[in-house]
Amino acid sequence: MKKIQKIAALFMTAIVLSSCSLPGLGGGFNEEGITITGGSTTEQQIAGYIVEGMVEHYIDIDAQIVNNLGSSTLNHQALIGGDANVAAIKYTGTSLTGELGQDPITDPEKALDVVVDGFAAEFDQKWFPTYGFANTYAFMVTQELAEEYDLVTISDLEDIAGELDAGVDTSWIQREGDGYEAFLDTYSFDFNRVYPMQIGLVYNALQAGEMDVVLGYSTDGRIKSYDLVVLEDDKQLFPPYNASPVATFEVLEAYPELNGLLLKLQNSITDEKMQELNYISDNNLVEPKVVADDFLKENNYFEDVKVNEEGGEQ
């Protein structure tokens with residue numbers, strides 16, 4: 001039944017997309033070169049500009065980037081519909097349970113194997129090796145609340161959860177496998193109220209005292225900026241969310257250099273480095289493109305990185 005629903009959803013979305021292109025998207029690579037999807041979060045936008053910078057450094061072409069796609073579904077359908085041909089960043093856990101409709105897998109290597117094989121077989125796309133960081137869902141609280149109640153893990157919230165209002169990513173409410181229902185089953189407690197919110201707003205809501213606990217992303221720079229405390233997922237609710245670029249095999253065939261330059265980015269960004277890049281943009285109000293360009297210049301566009309075209313770094 002799940003498979004049928006998934007196919008129906010993709011079919012209906014494809015019909016809608018065939019009637020009009022997504023906002024900000026033009027044709028595919030045949031007309032306008034390489035089109036890269038970024039996203040609506042700072043991290044997704046930084047990744048988008050990193051890929052754009054690498055493409056324009058190594059290939060004599062002006063890449064297009066689209067950062068107005070507010071969900072993983074729109075990002076995915078942009079590649080499926082031919083409106084784009086490179087996704088700057090996708091996360092194993094999101095695509096495993098989302099686009100592929102699989103059950104969550106907590107082993108990072110197994111999860112990666114499944115999405116690599118699944119995207120090649122179902123979507124004719126190459127899922128590249130990870131950038132080196134994982135951006136998982138994470139519950140977080142203010143430093144003050146953590147100190148008052150000695151909060152270290154998610155389970156530590158149980159005794160006070162009935163008094164807390166939680167702000168969570170809107171899409172998480174209905175997510176299968178690691179969403180709200182799975183949270184209730186795994187941790188066996190609920191909050192006073194749960195408010196669906198755009199993911200980018202939860203940090204400000206927590207810092208402003210509008211929420212007591214929020215579900216955000218573990219590499220978001222506002223964690224450092226607002227001095228928030230990330231609670232350990234002690235019952236391993238959330239699967240790994242390792243970040244990787246994805247490209248259609250069609251665009252890789254049209255631009256053979258693209259494969260090598262994306263492989264150069266394998267293990268180029270640690271969790272701490274990604275949080276730092278996010279912090280520079282969010283806290284210091286530096287445009288994501290500037291952050292990405294500075295990062296590439298500091299690393300000389302990874303020119304010294306030798307890659308095995310079939311896999312990754314040598």
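Predicted model: local features only at pLDDT ≥ 70, side-chain atom pairs only at ≥ 80, totals over all residues.
**Entry 1**

I then checked how strand 5 (residues 137-142) and strand 8 (residues 213-217) run. They are antiparallel, and four bridges join them.

I found five strands in an open sheet, in the order 7-6-8-5-9. The pairing is mixed. Which strands stand at the edges? They are strand 7 and strand 9 (228-230). Each has a single partner strand, so one side of each has no neighbour in the sheet.

**Entry 2: Pro196 in strand 7**

I moved on to strand 7 (residues 193-197), where I found Pro196. I looked up its contacts, leaving aside neighbours within four places in sequence. Pro196 is in contact with Val168, Thr170 and Ile173. I also checked a C-alpha separation. Pro196 and Gly167 are 29 residues apart along the chain, yet their C-alpha atoms are separated by 6.1 Å.

**Entry 3: the nonpolar cores**

I turned to the nonpolar cores. In soluble globular proteins, nonpolar side chains tend to be buried together. Here the largest nonpolar core has 80 residues. Which residues have the most contacts inside it? I listed Ile34, Val55, Phe183, Phe191 and Leu258. Helix 3 gives this core its largest share, seven residues.

I then looked at Phe191 by itself. Not counting residues up to four places away in sequence, Phe191 touches Phe139, Leu157, Ala161, Leu164, Ala166, Phe183 and Val213.

I noted another core, of 14 residues, lying apart from the largest one. Ala78, Leu100, Phe119 and Trp127 are among its residues.

**Entry 4: helix 3 against helix 13**

Last, I checked helix 3 (residues 42-58) against helix 13 (residues 271-284). Their axes come within 10 Å and cross at roughly 105 degrees. Angles of 65 to 115 degrees count as roughly perpendicular. Helix 3 and helix 13 are therefore roughly perpendicular to each other.

Which residues make the contact? From helix 3 I listed Thr42, Glu43 and Ile46. From helix 13 I listed Met274, Leu277, Asn278, Ser281 and Asp282. I sorted the contact of helix 3 with helix 13 by class: three residues are nonpolar, three are polar and two are charged.

Methods
Residues numbered from 1 in each chain as written. Heavy atoms only, no water. Axes fitted to C-alpha atoms, helices over the stretch in contact; angles between N-to-C directions. Helix = DSSP H or I, 4+ residues; strand = E, 2+ residues; numbered from the N terminus. Parallel < 35°, antiparallel > 145°, perpendicular 65-115°, else oblique. Contact = heavy atoms within 4.5 Å. Nonpolar A, V, L, I, M, F, W, Y, C, P; charged D, E, K, R; others polar. Core = buried A, V, L, I, M, F, W, Y, C linked by side-chain atoms within 4.5 Å. Buried < 20%, exposed > 50% of the residue type's maximum accessible area, 1.4 Å probe, protein only. Pairing = 2+ DSSP bridges.
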